[in-house]
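Welcome! Have a look at the sequence and the 3D structure below, and then we can walk through the main features together.

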Amino acid sequence: QACEFASDAACASTYVGIFGGSTGSAHGQLQETFKLLPVAAAIASFFSVLKAGLLGCFDFAFMARASIAVLLLVYVPTTALTRAVFKSPAAICFAMYLPVCVLAVIF
């Protein structure tokens with residue numbers, strides 16, 4: 001369907017908004033998000049290892065308290081800020097993986 005957007009002049013602005021154009025400006029475009037994915041995957045992998053260690057220690061109460069605190073203090077404000085101010089795919093990706101990063105540091 002991307003080719004349909006690119007081939008229709010009326011849809012050109014939508015295509016550029018999603019996939020980017022040839023101007024080199026990547027702010028708010030999908031390509032900007034791909035630069036964040038390797039870092040996000042590394043953080044998520046590190047988090048999984050740390051979480052498995054805490055599960056092995058049966059420290060469920062600490063994990064629950066930390067997760068609720070990160071939900072309320074990190075995820076909700078970051079998501080609200082992303083929706084209200086930044087409105088880009090990269091900002092949404094950042095908001096999605098920031099709580100995982102914070103929990104990795106806590107764990």
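A residue is called buried when its relative accessible area is under 20%, exposed when it is over 50%, and partly exposed in between, using a 1.4 Å probe and protein chains only. This is a predicted model, so local features need pLDDT of at least 70 and side-chain atom pairs count only at pLDDT 80 or more, while totals for chains, interfaces and linings use all residues. Residues are numbered from 1 along each chain as its sequence is written, and side-chain values use heavy atoms, with hydrogens and water left out.

**The overall picture**

- The protein chain has six helices and zero strands; helices (H or I, at least four residues) and strands (E, at least two) are DSSP runs, numbered from the N terminus.
- Of the 107 residues in the protein chain, 21% are buried.
- The protein chain exposes about 7,100 Å², and carbon and sulfur atoms supply 72% of that area; accessible areas come from the Shrake-Rupley method with a 1.4 Å probe, and for residues only the protein chains shown count as cover.
- Contact means heavy atoms within 4.5 Å. Among contacts in the protein chain between residues at least 6 apart in sequence, 58% join residues at least 24 apart.

**The nonpolar core**

- In soluble globular proteins, nonpolar side chains tend to be buried together.
- A nonpolar core is a set of buried Ala, Val, Leu, Ile, Met, Phe, Trp, Tyr and Cys residues joined through side-chain atoms within 4.5 Å.
- The largest one here has 10 residues: Phe47, Leu54, Met63, Ala66, Val70, Val74, Val100, Leu103, Ala104 and Phe107.
- H4, H5 and H6 each supply at least two residues of this core, and the largest share, four residues, comes from H5.
- Leaving out residues up to four places away in sequence, Met63 touches Lys51, Leu54, Leu55 and Phe107.

**Aromatic rings**

- Rings of Phe, Tyr and Trp (its six-membered ring) pair if their centres lie within 6.5 Å; planes under 30 degrees apart count as stacked, over 60 as edge-to-face and the rest as tilted.
- By this rule there are three aromatic pairs. Phe47 and Phe107 form a stacked one, 5.6 Å centre to centre with 20 degrees between the planes.
- Phe47 lies in helix H4 (residues 37–56) and Phe107 in the segment after helix H6 (89–106), so this pair ties together parts that are 60 residues apart in sequence.
- Phe47 and Phe107 are both buried. The ring centres of Phe58 and Phe60 are 5.9 Å apart and their planes are at 75 degrees, so that pair is edge-to-face.
- Phe58 counts as exposed because its relative accessibility is 64%, whereas Phe60, at 45%, counts as partly exposed.
- Phe47, Phe62 and Phe107 form one aromatic cluster.

- Thr78 is in helix H5 and is buried, with a relative accessible area of 14%.
- Setting aside neighbours within four places in sequence, Thr78 is in contact with Ala95 and Leu98.
- Ala91 lies in helix H6 and is buried too, because its relative accessible area is 13%.
- Not counting residues up to four places away in sequence, Ala91 touches Thr82 and Phe86.
- Ala91 and Thr78 are 13 residues apart in sequence and 9.2 Å apart in space, C-alpha to C-alpha.
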